[in-house]
Amino acid sequence: MAANLQQLLKKHGVDFLRAAVQQLVGRPAAAISDDQQYRQLLIDPAWQAAPMQMRLFSPEGLHWEEFCFALRPRIFNLTGGTVALAPKWQTAASELADQFGTAVDRGSAAAPSASSSAVLAAGEKAPARAAAVGIDLGTTYSVVAHLDAQGRPVSIPNANGDILTPSVVLFDRDGTVVGREAVLAAAIEPDKVADCVKRDMGAKHYRRPIGGELLPPEVISSYILRRLKDDAARKMGNVSKAVITVPAYFDEPRRRATMDAGRLAGLEVLDIINEPTAAAILYGYQEGFLDRSGKVAGDRPLRVLVYDLGGGTFDVTVVEMSNQSFKAVATDGDVQLGGKDWDEKLVEMAAEMLVLELGDDPRNDPEALQDLWLTSEAAKKTLSERPKATLFVNYQGRRHKVEVTRDEFEEATAPLVLRTRTTAEIVVMQAGLTWADIDRVVVVGGSTRMPMIRRMLEELAGRAIDLTVSADEAVAHGAALYADLLLQKQGIGSGHTQFAVTNINSHSLGVVGTDPVTGRQLNRIIIPKNSPLPVAAARRFKTSQPNQPSVKVTVVEGESELPDACIEVGICVIRDLPPRLPAGSPVEVGYSYGENGRLQVTASLVGHEARVTTEFVRDNSLSDDDLLLWAECLSAEAERGL
Ligand code: ADP
Ligand code: MG
């Protein structure tokens, strides 16, 4: 599918032309008869008003000027010496668009094929040597890392020289900006900036309104990934392969959305890996357990609890480590809990103090609110070091000052700490262990710098926590080691890494069935949570009517018996059942969880030779067609170097 003006106008309509077209009405004839004026008054403003999906292409590529000039005599007339508009101008414009069906010239890009990964790979040059990066795509900050010539993981700084790139995207008229500049712009133009998009990943049909456009989270994330990819390319040459990390607690739709984002960014996603597992790999590497000679002391594996509290997500995982092997045994978490919630508490505290002082709530002013968020995050970091912090807020033309003490902050955020504590306790229990069995407590994620977190963990574990890995970089470094391991399996790795990783699923997987007694819909769990991956299980269903042509199976993730309390992963339709099949014929549905927590569903008709085909209906925010269209748009944008 190649995009052209005809398709784009069909999809988005021509209504965006309205303002530019109507403001010409009543002007002197020269406004449109003079090409230069027509350009200034119609062609350029109408392009600026076009939907973003269209503007991602170049106006030349879409033959925009040609279209507008051809439009001129069809919708305007000059009989009275001034510009008048034909009543059915929209129909005329749509009809004209039909003649603009020529594909956009995408330079050297290969012809797109039916597979989205092939489309995305188009235009990429083959890397000089096989290299892959590990990407920690964080809620608030992202990091990209690779292995140096000695096989050691190192972070790659961005163009600003920073290791951490804020996961924030500014959608500006002239293109997109990712990182520090986008954070600064957020204070001035909050409606053009997208942040914390990881929290929306995988949300069904969710679109973020940015600058009048509705953008899916995968697309916003792909801009962040592309920036990291470009930063890495400056150091390493072309980068096309990556491992991207996800919170262990991410469910299937969120994992799928993350892989889609990677592909949209033009990356071949070698795999996704759980963040705590990546951190554990790095820990094991630093402790020498990756090495053939590295020994884990004692006769049992070392049990490491990884506590990861980032900006927007929280994960706890227990990993068993022995020589060259990492085995996750239990995991839990919260994808809606992170440093941002601590910031929010400070925003609240400061705003309430200002309300008392001014009798007016600064949160009602979007710019002051943005200011509050920025100063709160800074104050939170200060409070990790000092007993007191000052917040500054610009509001109603004045700079206001608020002081918060660490004690006040800790008291206000105690319920958040407790939530993480409870989760950590549950994980240890689910691993079948007690705290005495945990050998090391490793912390990652910027929010673990808060003294309240460290204190709580030390109290819980009854031992000092291990601070040997970098809270910010451990995940990306572990991902880089894992990426190299995967390349090795393809025979193109560095030759330095060799280890085995066993993951577990973070959510139970079930199917919605009908209780034969009560007739109620129930979630029947097929693969329980914390099963070592890969894992496969099958279940038999019965056709309910004679001659039934198909069977529909609803696959859900979650622990509850009630399907509504679970996440619907998708619907599997088994079609083309053989004719004259009696009611009650058994159909076997098999589930298999890959090592990366991604799911596959297969089905067969028991006792029949005939192959039954299954179709996994995608039910997350982007359909395959949408994905393909976005891929087209984004790769065109990348070629133009936006
Ligand atoms: P994510 O991967 O979710 O983006 P990170 O692991 O990069 O998160 O952590 C970012 C979070 O850590 C932010 O909320 C940030 O404010 C917080 N953070 C960083 N340094 C500190 C500090 N010194 N004290 C408290 N919080 C911090
Ligand atoms: Mg993180």
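Biologist: Let's start with the ligand. How many residues surround ligand 1, and which are the closest?

Modeller: This is a predicted model, and in it ligand 1 is surrounded by 17 residues. The closest are Thr140, Gly311, Glu377, Lys380 and Ser384.

Biologist: Which part of Thr140 is 2.7 Å from an oxygen atom of ligand 1?

Modeller: A polar backbone atom of Thr140.

Biologist: And what about the side chain of Glu377, how far is an oxygen atom of ligand 1 from an N or O atom there?

Modeller: That distance is 2.5 Å for Glu377. For Lys380, an N or O atom in the side chain is 2.7 Å from an oxygen atom of ligand 1.

Biologist: How much of ligand 1 does the protein bury?

Modeller: The protein buries 93% of the 580 Å² that ligand 1 exposes when taken alone.

Biologist: Nice. Which pocket is the space taken by ligand 1?

Modeller: The largest pocket.

Biologist: Which helix gives the largest share of the shell around ligand 1?

Modeller: Helix H14, residues 366-385, with four residues.

Biologist: And by class, what does the shell around ligand 1 have?

Modeller: There are 11 polar residues, four charged ones and two nonpolar ones in that shell.

Biologist: Okay, new topic: sheets. In what order do the three strands S7, S8 and S9 form their open sheet?

Modeller: The order is S8-S7-S9, and the pairing is antiparallel.

Biologist: Which strands stand at the edges, then?

Modeller: Strand S8 (175-178) and strand S9 (193-194) do. Each has a single partner strand, so one side of each is left without a neighbour in the sheet.

Biologist: Remind me, what holds strands together in general?

Modeller: Strands of a sheet pair through backbone hydrogen bonds, in either a parallel or an antiparallel way.

Biologist: How many bridges join S7 to S8 here?

Modeller: Four, with S7 covering residues 169-172 and the two strands running antiparallel.

Biologist: Which residue in S8 is opposite Val169?

Modeller: Val178 stands opposite Val169.

Technical notes:
Residues numbered from 1 in each chain as written. Chains lettered and ligands numbered in written order. Predicted model: local features only at pLDDT ≥ 70, side-chain atom pairs only at ≥ 80, totals over all residues. Heavy atoms only, no water. Near = heavy atom within 4 Å. Polar contact = N/O pair within 3.5 Å; in protein donor to acceptor, adjacent residues only side chain to side chain. Areas by Shrake-Rupley, 256 points an atom, 1.4 Å probe, with all protein chains shown as cover. 1 Å grid on protein atoms, 1.4 Å probe; cavity = no way out; pocket = protein on both sides within 12 Å on 5 of 7 lines; lining within 4 Å. Sits in = over half its atoms within 2 Å of the grid points. Nonpolar A, V, L, I, M, F, W, Y, C, P; charged D, E, K, R; others polar. Pairing = 2+ DSSP bridges.
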